[in-house]
Amino acid sequence: WEFSKEDKYIFDWLDKNGFDAVLEKQYISKLYVTVSKDGVTDHARFESGMRYNVKAYMEQYRKSFDLLCKLQSRAQ
């Protein structure tokens with residue numbers, strides 16, 4: 001499979017924001033990615049192969065990941 005423009009943006013965004021990302025599975029409409037940062041790991045699913053506001057989508061992912069970090073720090 002080739003990456004769409006949006007897929008490339010997702011991986012560039014993750015890299016620029018300090019995340020380690022590993023593509024686990026790629027389907028026509030979804031990417032399954034293991035994302036890690038600061039000792040926290042998330043098994044994320046990103047929309048793929050369609051036009052959408054990927055910048056806003058990734059900002060929403062940042063908020064979701066920050067919440068995951070807070071939840072994991074409270075659980076310890």
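Helix H1 spans residues 5–16 and has 12 residues, reaching 16 Å from its first C-alpha to its last, close to the 16 Å expected at 1.5 Å a residue; helices here are DSSP runs of H or I of at least four residues and strands are runs of E of at least two, numbered from the N terminus, and the expected span of a helix is 1.5 Å times one less than its number of residues. The model is a predicted one, in which local features need pLDDT of at least 70 and side-chain atom pairs count only at pLDDT 80 or more, while totals for chains, interfaces and linings use all residues. Residues are numbered from 1 along each chain as its sequence is written, and side-chain values use heavy atoms, with hydrogens and water left out.

Within H1, the residues Glu6, Asp7, Ile10, Phe11, Trp13 and Leu14 are buried, where buried means under 20% relative accessible area, exposed over 50%, and partly exposed in between, with a 1.4 Å probe and protein chains only. What covers the buried residues of H1 includes strand E1 (20–26), strand E2 (30–37), strand E3 (40–47) and helix H2 (54–75). In the segment before H1 lies Ser4, which is buried with a relative accessible area of 17%, and a polar atom of the Ser4 side chain lies 3.1 Å from the backbone nitrogen of Asp7. After H1 comes Gly18, whose phi is positive, near 85°.

E1 and E2 pair in the antiparallel sense over six bridges and are connected by a hairpin through three residues, with Lys25 standing opposite Tyr32 in E2. E2 and E3 also run antiparallel and are joined by eight bridges. In the hairpin of E2 and E3, which has two residues between the strands, Asp38 takes a positive phi near 55°, although Asp38 is not a glycine. Most residues other than glycine have a negative phi. Asp38 is exposed, with a relative accessible area of 71%.

Thr34 is found in strand E2 and counts as buried at 15% relative accessibility. The bridge partner of Thr34 in E3 is His43, and the Thr34 side chain makes a polar contact with the side chain of Glu24 at 3.0 Å; a polar contact is a pair of N or O atoms within 3.5 Å, of which, within protein, one must be able to donate a hydrogen and the other to accept it, residues adjacent in sequence counting only if both atoms are side-chain atoms. Not counting residues up to four places away in sequence, Thr34 touches Asp20, Ala21, Val22, Glu24, Thr41, Asp42 and His43, contact meaning heavy atoms within 4.5 Å.

In a regular strand the side chains alternate between the two faces of the sheet. E3 has a covered face formed by Val40, Asp42, Ala44 and Phe46, and an uncovered one formed by Thr41, His43, Arg45 and Glu47. Glu47 touches residues including Asp7, Ile10, Tyr52 and Tyr57, again not counting residues up to four places away in sequence, and the C-alpha atoms of Glu47 and Tyr27, 20 residues apart along the chain, are separated by 9.5 Å.

Helix H2 has 22 residues and reaches 31 Å from its first C-alpha to its last, close to the 32 Å expected at 1.5 Å a residue. Its buried residues are Val54, Met58, Tyr61 and Phe65, and, seen down the axis of H2, they fall within an arc of 50°, so they line one face of the helix. On the other side of H2, Lys63, Lys70, Leu71 and Arg74 are exposed, whereas what covers the buried residues includes H1, E2 and E3.

Of the 15 residues in the largest nonpolar core, Ile10, Leu14, Phe19, Val35, Phe46, Met58 and Tyr61 touch the most other members; such a core is a set of buried Ala, Val, Leu, Ile, Met, Phe, Trp, Tyr and Cys residues joined through side-chain atoms within 4.5 Å. The elements that give two or more residues to this core are H1, E2, E3 and H2. Leaving aside its neighbours within four places in sequence, Phe19 is in contact with Trp13, Leu14, Val35, Ser36, Lys37, Tyr61 and Phe65.

Technical notes
The arc is that of the directions from the helix axis to the C-beta atoms. Two strands pair if DSSP finds at least two bridges between them.
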